[in-house]
Amino acid sequence: VVFIPGWTFTTELFEKQMAHFSKKYRAITYDPRSQGRSSKTADGNDYSTHGKDLAALLKALDAQGAVLVGWSFGCLDAWSYVRHEGVSGLKGVVAVDLSPKPLSTGEGDWVEGPLDEIAGAYNTFLLSSKGQREFVDYYARNVMIQGELSDAQWFWIIEQSLTTPYYLAALKFASGMFSDYREEAKLVDASLPALSICAEHWAETAVPFMNALCPKTKTAVLGGHMMFWEHAEKFNAIVDEFLQGL
């Protein structure tokens with residue numbers, strides 16, 4: 001079971017999943033390039049390259065029959081892997097709170113936000129280190145976490161993102177927003193057991209969207225964007241049930 005962090009975040013966020021799932025499975029997590037403890041590279045800060053990186057990692061670890069669990073933009077790593085490698089080496093895919101097409105003007109599409117809002121976030125916040133911190137702080141408090149945390153906990157979450165320099169974070173943001181992995185999501189849906197877990201705040205849009213695009217994919221709704229951390233027991237139970245059915 002391979003847990004993939006989202007945009008600029010690190011393996012540290014999956015501490016509760018690693019402790020739980022390593023009791024039954026070979027549990028793997030890693031920092032994608034330019035995130036966490038991985039090398040900061042000038043090249044390859046895009047999700048096409050991320051998919052190739054993931055393929056190389058699984059080959060190096062001889063991880064046959066893996067279940068990919070991508071969170072947020074980590075879903076793009078998983079779908080990119082499928083674009084490059086197909087589905088034959090996988091046993092399942094879990095997409096945690098991301099549309100396979102994060103930016104769209106189509107009516108009823110599940111997206112990260114209106115086009116002008118996304119453009120504003122990029123131009124206002126992601127072109128400086130100060131702006132990056134302000135963006136992650138706002139997103140954490142308003143989208144990622146539902147409840148109240150201590151100042152130390154907020155600081156810790158924000159710091160997990162800031163391991164990626166702002167100029168590389170901006171590249172990943174643009175690459176992710178302009179991605180379209182609907183065909184890969186449909187291939188997974190047709191070929192493998194799949195699960196989509198979405199946050200409560202956009203479930204009314206996300207669940208119908210995924211049901212229409214990927215009718216065989218199971219869906220679940222839980223918490224905010226970082227529900228796997230805030231509601232770890234419930235999240236782990238949902239994923240446990242999925243894995244037991246493989």
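Where is the place of Ser34? In this predicted model, Ser34 sits in the loop between β2 (28-29) and α2 (47-60).

**View 1. Two serines with positive phi.** Ser34 has a phi near 70 degrees, a positive value in a residue other than glycine. Its relative accessibility is 0%, so Ser34 counts as buried. Ser72 also has a positive phi, near 55 degrees, and is likewise a residue other than glycine. The loop that holds Ser72 runs between β3 (66-71) and α3 (74-85). With a relative accessible area of 9%, Ser72 is buried.

**View 2. The largest cavity and its lining.** A search of the whole structure finds 1 cavity of 30 Å³ or more. The volume of the largest cavity is about 70 Å³. Its lining is made by Trp79, Val93, Ala95, Ala185, Val188, Asp189, Ala194, Leu195, Ser196, Met210, Cys214 and Thr217. Two or more of the lining residues come from each of β4 (90-96), α8 (182-191) and β5 (194-198). By residue type, the lining holds 9 nonpolar, 2 polar and 1 charged.

**View 3. Helix α5 and its buried face.** Helix α5 covers residues 129-144, and its buried residues are Gly131, Gln132, Phe135, Val136, Tyr139, Ala140, Val143 and Met144. Seen down the axis of α5, these residues fall within an arc of 165 degrees, so they line one face of the helix. Lys130 and Tyr138, on the other side of α5, are exposed. The elements that cover the buried residues of α5 include β3, α4 (115-125), α6 (151-161), α7 (166-177) and α10 (227-230).

**View 4. An aromatic pair between Trp7 and Phe173.** The count of aromatic pairs in the model comes to 16. In the pair of Trp7 and Phe173, the ring centres are 6.2 Å apart and the planes stand at 70 degrees, so the pair is edge-to-face. This pair links distant parts of the chain, with Trp7 in the loop between β1 (2-4) and α1 (15-21) and Phe173 in helix α7, 166 residues apart. Trp7 is buried, with a relative accessible area of 9%. Phe173 counts as buried too, at 5% relative accessibility. Helix α7, which holds Phe173, is also among the elements that cover the buried residues of α5.

**View 5. An aromatic cluster.** One aromatic cluster is formed by Phe3, Phe9, Phe14, Phe21, Trp71, Phe228 and Phe235.

Key: Residues numbered from 1 in each chain as written. Predicted model: local features only at pLDDT ≥ 70, side-chain atom pairs only at ≥ 80, totals over all residues. Heavy atoms only, no water. 1 Å grid on protein atoms, 1.4 Å probe; cavity = no way out; pocket = protein on both sides within 12 Å on 5 of 7 lines; lining within 4 Å. Points joined across faces, edges and corners; volume = space filled by probe spheres on them. Helix = DSSP H or I, 4+ residues; strand = E, 2+ residues; numbered from the N terminus. Nonpolar A, V, L, I, M, F, W, Y, C, P; charged D, E, K, R; others polar. Buried < 20%, exposed > 50% of the residue type's maximum accessible area, 1.4 Å probe, protein only. Arc of directions from axis to C-beta. Contact = heavy atoms within 4.5 Å. Phe/Tyr/Trp six-rings, centres within 6.5 Å; stacked < 30°, edge-to-face > 60°.
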